[in-house]
Amino acid sequence: MRNYPEQPPLIPHKIDSYQIDLNANQCLTCHSRTALEISQAPMVSITHFMSRDNQFLSSVTPRRYFCNQCHVPQGQTKDLVENGFVDIDQVLEYVSGQEGN
Amino acid sequence: MFGFLRRTWGVIKRPSVHYSLGALTMGGFLMGIIFWGGFNTALEVTNTEAFCTSCHEMSDNVFEELKPTIHYTNRSGVRATCPDCHVPHEWTNKIARKMQASKEVWGKIFGTINTREKFLEHRLTLAQNEWSRLEANDSLECRNCHSSESMDITRQSPRAAEAHERFLFTGEKTCISCHKGIAHELPDMGQAALINGH
């Protein structure tokens, strides 16, 4: 489940020492359009091909190149800081609960 | 001068009067052992990580990058050193590789990669040499430690198990086709793709 509509999906596997720099992007060795046939991985979202002027490019745009700026691996760990986040449905439920009073 | 040579040749040709045939064969045998041993020792010395990293070309670039990887430190404490991956253990391959290594000594003298910049410039070519070597020998060095027969894919991550089942066990691909850049940083792969034409 995503916690909010725009949440970047979590990575369901480890990404230890995967190189992402000017030379290489090891996420794209499996997730790029041309790698899917072999890797059977989901393709990088089509929105990632869109430049800031809403033009679709032939490959991932520079602003989306560094995958782990937005995507993080999933893990069962203790929260590092206390987190009071509630999602929109809970907020709406709370509001309608208030109105009912 | 010519006379001297002729006289020496005469001595060599003449049957020995002072040493028995047995002693002579024995001597030849011992010398053989000494030379063979010396040759082997020389190979042993050049087959160590200390030797490889004695050149700054190797220690500043590739060795530094190896250190954070699983082949340098891991939970089981078994590690791979440079010659494990780069010099085949098999005897004949060993000699062939040593011959190639002479090229490196040449490179050292003429400084093909004696600065970080020059190394990065050449990195793609060097890496491609290694890739084609490993493609050609079916990743022999990897398989010296990792045997696909002993791989229990039920204990591997789902991604690994699936990839190995579909492509490794069927012989369609070899380790290096999928596991590039496991020991050092990758060179410019965009450029690599352009050269290979895909």
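**Exercise 1.** Find the residue just after α7(B) that takes a positive phi, then look back along the helix.

*Solution.* Start with D138(B): its phi is about 55°. This is a predicted model, where local features need pLDDT of at least 70, side-chain atom pairs count only at pLDDT 80 or more, and totals for chains, interfaces and linings use all residues. Residues are numbered from 1 along each chain as its sequence is written.

Now step back into α7(B), residues 116–136. Helices here are DSSP runs of H or I with at least four residues, numbered from the N terminus. The 21 residues of α7(B) reach 29 Å from first C-alpha to last, close to the expected 30 Å (1.5 Å times one less than the number of residues).

Next, spot the kink: about 50°, centred on H122(B). The bend is the angle between axes fitted to the seven residues ending there and the seven starting there.

Last, which residues of α7(B) are buried? Among them are F119(B), R123(B), A127(B) and W131(B); buried means under 20% relative accessible area with a 1.4 Å probe, protein chains only.

**Exercise 2.** Describe how chain B meets chain A.

*Solution.* First, count: 13 residues from chain B and 10 residues from chain A are in contact (heavy atoms within 4.5 Å). Then take the area: about 850 Å² is buried, with 42% from carbon and sulfur atoms. That's accessible area (1.4 Å probe) lost on being put together, summed over both parts. On the chain B side, R159(B), R166(B) and L186(B) lose the most, together 52% of what that side buries.

Definitions and conventions
Chains are lettered from A and ligands numbered from 1 in the order in which they are written. Side-chain values use heavy atoms; hydrogens and water are left out. Helices (H or I, at least four residues) and strands (E, at least two) are DSSP runs, numbered from the N terminus. Buried means under 20% relative accessible area, exposed over 50%, partly exposed in between (1.4 Å probe, protein chains only). Buried area is the accessible area (1.4 Å probe) that two parts lose on being put together, summed over both.
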